[in-house]
Amino acid sequence: MTEQPTQAAGMTIVPAGAEPAPRGPAAAPAPKMKTESLSVYYSAFRAVAEVTLPMQDRKITAIIGPSGCGKSTLLRSLNRMNDLVSGSHIEGKVTLDGEDLYAPGVDVVDVRRRIGMVFQRPNPFPKTIYENVAFGPRLYGRISKSEMDDIVERSLRRAALWDEVKDKLKQSGMALSGGQQQRLCIARAVAVEPEVVLMDEPCSALDPVATIKIEELMQELKKEYTIVIVTHNMQQAARVSDFTAMMMMRPDRAGEMIEFSETQTIFTKPKDKRTEDYVSGRFG
Amino acid sequence: MTTMMAQSPRERMRARRIQVSQARENTRRIVNAVMLGLTGVATLLALIPLVWILIEVFARGSQAMTLDFLTQTFKPTSMGGGGIWHAIVGTVILIGLASLMAVPIGILAAFYVVQHPNTAIGLMVRFGTDVLSGLPSIVVGLFVYTLLVAGRSYSAISGAVALAIMMTPIVLRTTEEMLKLVPRSMREASLGLGASEWKTSFSIMLPAAITGVITGLMLAIARVSGETAPLLFTAQGSNVFSTALDRPIASLPLTLFKYAVDPDVTRNAQAWAIAMIIVLTVLILNISARLIANRRSK
Amino acid sequence: MASISTGKGLRTARPISARVTLNQRIGRALQHGDIPYKGIIVLAALSVIGLMVGVGVMLWIASSVTRNSDGLGFITATEWNPVSDLFGAMPFIAGTISTSILALVIAIPLGLGVAIFLAELCPPRIRAPLGFLVELLAAIPSVVYGAWGIFVFIPTVVKPVGEFLLNTFGDKSHGIFIPLFEGPFFGASYLAAGLILAVMIVPTITAISRDVLLAVPKAQREGAYGLGSTQWETIWQVVLPYALSGILGAVILGLGRALGETMAVTMVIGNVAQLSTSILSPGYTMASVIANEWGESRTPAYSSALIEIGLMLFFMSLLLNLLARLLVWSVSRRNPDQRV
């Protein structure tokens with residue numbers, strides 16, 4: 001909880017002109033992304049039940065809760081990654097800038113370009129570091145070599161990886177350490193200039209040093225992106241996030257959101273008894 | 001919302017971001033749809049020969065298929081052409097003998113491979129299994145010729161050996177796969193109770209893996225029941241009824257080959273009837289092996 | 001206690017058996033049948049290895065006549081005239097290579113397309129039955145393919161296609177002339193053999209490629225989808241490159257099958273020992289010349305020549321098998337999901 005100042009510092013770095021709206025939940029600006037009583041089903045099984053979650057622009061929203069409570073499922077429904085699972089469908093709404101992402105006629109491919117994702121295990125392609133980053137931009141058009149060099153450098157810098165790899169861009173991305181691989185995946189995700197970056201337990205496969213690096217990186221990234229992170233690590237949520245959603249599994253095994261608030265509130269004066277038990281480490 | 005973010009660093013960055021052109025996006029969607037569609041077309045295209053062959057074989061084969069055809073032996077076409085009883089018996093003898101050789105060797109070698117997977121011999125056996133199953137059948141025929149026929153006579157037994165060589169790797173591999181699924185603890189419990197290796201292997205492990213052995217044998221028989229090339233230089237084929245193991249013997253695929261390239265249309269029609277018998281056998285064996293394996297995995 | 005000491009699976013038995021003399025142990029093992037057991041399964045295992053080695057050795061010995069008289073010239077000589085004792089294998093090597101290439105050109109895109117459909121597109125429920133149907137193509141015996149080729153496939157497909165190629169590109173007097181499609185054309189030809197071989201090796205390429213594609217980690221696909229790739233872009237740019245060496249293995253195994261395929265080819269290729277630049281002309285392959293001329297080989301040199309061709313086939317399939325196994329193995333080893 002003592003890390004809270006870090007978060008506050010992160011906020012103040014945002015240029016004044018970019019954030020005219022006053023702080024506090026009551027006067028919060030319209031959220032960048034929002035789910036409205038979203039339920040996610042795998043065939044007949046309801047994995048997530050009626051979650052309404054706003055995600056503010058240039059803030060980090062953390063989703064926490066015990067394992068199996070539907071955190072990842074919720075996150076994956078935000079960029080329609082669940083579409084890949086046959087039999088999955090949703091009820092309710094997911095909006096980005098007020099636009100319904102599941103409306104008929106919306107292109108999944110476009111949704112995923114605007115909402116990038118970083119996965120639990122680093123999953124670089126077995127290509128060179130350069131090619132990993134260039135992969136996304138190349139999908140969207142012919143880009144000249146110098147322009148692509150630019151994009152690759154900028155993305156790797158934003159992922160705080162440039163200094164470590166600038167001399168070995170032609171080496172395989174698989175040859176990097178786990179933490180570097182994860183930052184490469186972040187660089188790959190930001191190279192397509194998404195508006196939102198989803199992170200599914202991005203540090204769970206990493207050692208503490210690499211974890212700290214990624215967390216610092218997230219503070220940098222939130223200046224430009226809306227970030228949603230799923231984590232089972234409460235300290236991490238407390239350290240990095242601005243808002244926190246607490247999820248629990250209901251008796252019918254569907255995950256529901258039991259509390260959502262500013263991170264500080266969740267960790268200092270939670271309203272729900274279960275949240276209090278969870279964040280104080282009494283179970284989960 | 002958008003207006004107030006006009007000067008944000010992100011918007012400035014966005015200004016020089018990659019332009020997403022609608023034309024290119026459309027091209028991507030079209031390429032996607034076309035290529036995915038083509039894989040479906042490929043699947044249909046690949047299945048056409050299967051359906052086509054089955055239709056032809058059954059339509060043409062049923063025409064010459066009579067009881068006489070199945071129960072009589074060879075006669076010249078001037079006398080009606082006769083039947084293929086001699087070839088049916090020959091094939092049964094060849095496959096029966098081959099199974100008697102391939103099954104024990106395949107099972108015993110599978111025991112070896114499962115119990116000693118990483119020894120030099122174990123690895124060599126695996127590689128040998130791969131090589132044998134990939135060996136052109138005509139090469140197997142030549143090998144058995146040089147081993148058993150050269151200097152002697154074409155014989156049923158040499159034909160059976162050639163088929164056994166082709167069956168062994170199949171029996172070995174399916175048995176091995178099943179034996180690997182038998183829990184280690186089961187073997188150790190048996191040995192720990194004082195049972196001998198023989199008893200453990202044959203009364204504990206083999207029964208647990210029996211479906212593997214059976215499906216393996218069925219697939220192996222399916223594989224060789226249409227084999228022609230390895231029999232050309234071994235069993236050689238014959239027009240007379242024979243059960244002698246040291247003499248040439250008839251077989252269905254050899255007869256099919258001979259009749260198919262015969263200029264006489266009666267023989268051609270008979271060739272289709274033989275093809276129907278072989279294809280039916282192969283289909284039944286493959287499908288039942290599949291069903292047994294599926295039931296086992298459930 | 002005696003019986004426990006033969007139970008090698010039990011750790012506690014070790015110290016006890018260590019105190020037993022060697023003679024006692026041998027006697028006990030014999031009584032329980034353990035030494036014959038070991039001996040017999042080793043023998044079975046060795047017989048598999050022996051067969052593999054034996055094939056090479058026997059064919060090597062049996063081909064000594066031409067190996068000694070012609071040496072490597074046997075491979076490069078283009079004249080095959082058994083009546084005057086001229087044995088050159090080049091027409092057959094060329095026939096095997098050209099029919100195999102033709103088969104691969106057709107079977108690779110087709111087989112890969114089916115594999116992609118099975119692994120990536122079709123609902124999991126029908127994946128197995130559909131895959132089984134494709135694999136049934138491999139179960140149909142070669143000789144049945146041959147009969148179908150002679151009576152059905154050549155007249156209805158090969159003839160029209162061949163005649164079209166012949167009339168369009170095969171006439172020196174008009175239009176574009178491509179020697180690949182020069183006449184005369186009778187039906188039985190490299191083209192017919194190549195097309196039938198293509199049908200026969202599609203299941204091999206499909207089955208292995210499908211397994212390799214299914215082994216590509218889900219995380220790789222998600223990585224690509226997460227960046228906004230379409231399904232085809234994901235398959236073409238991420239899944240296929242990841243599986244490339246395994247697919248190459250599948251293609252090599254398919255090639256191995258095409259090289260050694262005998263009966264179907266023998267029945268549709270026309271069986272003429274000549275070198276030709278046209279895929280419409282009749283020819284021979286290594287396997288089909290052995291099958292077709294064995295019955296006529298009366299002299300030791302003739303038999304030896306045919307066996308030497310068989311020896312070459314053996315080495316080719318040995319080499320291809322080794323290569324394919326290495327490739328397929330390298331993919332399955334790389335799959336990080338298998339560690340979980």
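User: In what sense do strand β1 (residues 33–42) and strand β2 (residues 45–55) of chain A pair, parallel or antiparallel?

Analyst: The model is predicted. In chain A, β1 covers residues 33–42 and β2 covers residues 45–55. DSSP bridges link the two strands, 7 in number, and their sense is antiparallel.

User: Which residue in the hairpin of β1(A) and β2(A) takes a positive phi?

Analyst: The hairpin leaves 2 residues between its strands. A positive phi near 50° is found there at Ser43(A).

User: Over which residues of chain A is the pLDDT below 50?

Analyst: Chain A has a mean pLDDT of 84, with 89% of its residues at 70 or more. One stretch has a pLDDT below 50, although the model gives this stretch 24 contacts beyond near neighbours in sequence. Where pLDDT is low, predicted coordinates should not be read in detail. The stretch in chain A is residues 1–26.

User: What percentage of the contacts in chain A between residues at least 6 apart in sequence join residues at least 24 apart?

Analyst: Chain A contains 11 helices and 10 strands. Of its 284 residues, 48% count as buried. Among the contacts between residues at least 6 apart, the share joining residues at least 24 apart is 69%.

User: Which element of chain C gives the most to the side that touches chain A?

Analyst: The contact involves 15 residues of chain C and 20 residues of chain A. Two elements of chain C give two or more residues to this side, namely α11 (218–226) and α12 (231–260). By class, the side has 7 nonpolar, 6 polar and 2 charged residues. The top contribution, 6 residues, is that of α11(C).

User: What distance separates the centres of domain 1 and domain 2 of chain B, taken over C-alpha atoms?

Analyst: Chain B is assigned domain 1 (22–64) and domain 2 (68–297). The contact between them takes 7 residues from domain 1 of chain B and 8 from domain 2 of chain B. The domain 1 side divides into 3 nonpolar, 3 polar and 1 charged. Over C-alpha atoms, the separation of the two centres is 33 Å.

User: Which residues of helix α5 of chain B are buried?

Analyst: Helix α5 (residues 120–134) of chain B has 15 residues. From first to last C-alpha it reaches 21 Å, close to the expected 21 Å at 1.5 Å a residue. Buried in α5(B) are Val125(B), Gly128(B), Thr129(B), Val131(B), Leu132(B) and Gly134(B).

How values were computed:
Residues numbered from 1 in each chain as written. Chains lettered and ligands numbered in written order. Predicted model: local features only at pLDDT ≥ 70, side-chain atom pairs only at ≥ 80, totals over all residues. Pairing = 2+ DSSP bridges. Helix = DSSP H or I, 4+ residues; strand = E, 2+ residues; numbered from the N terminus. Expected span 1.5 Å × (residues − 1). Buried ≥ 20, exposed ≤ 12 C-beta atoms within 10 Å, placed from the backbone. pLDDT = per-residue confidence, 0-100. Contact = placed C-beta atoms within 7 Å. Nonpolar A, V, L, I, M, F, W, Y, C, P; charged D, E, K, R; others polar. Domains from an automatic or database assignment.
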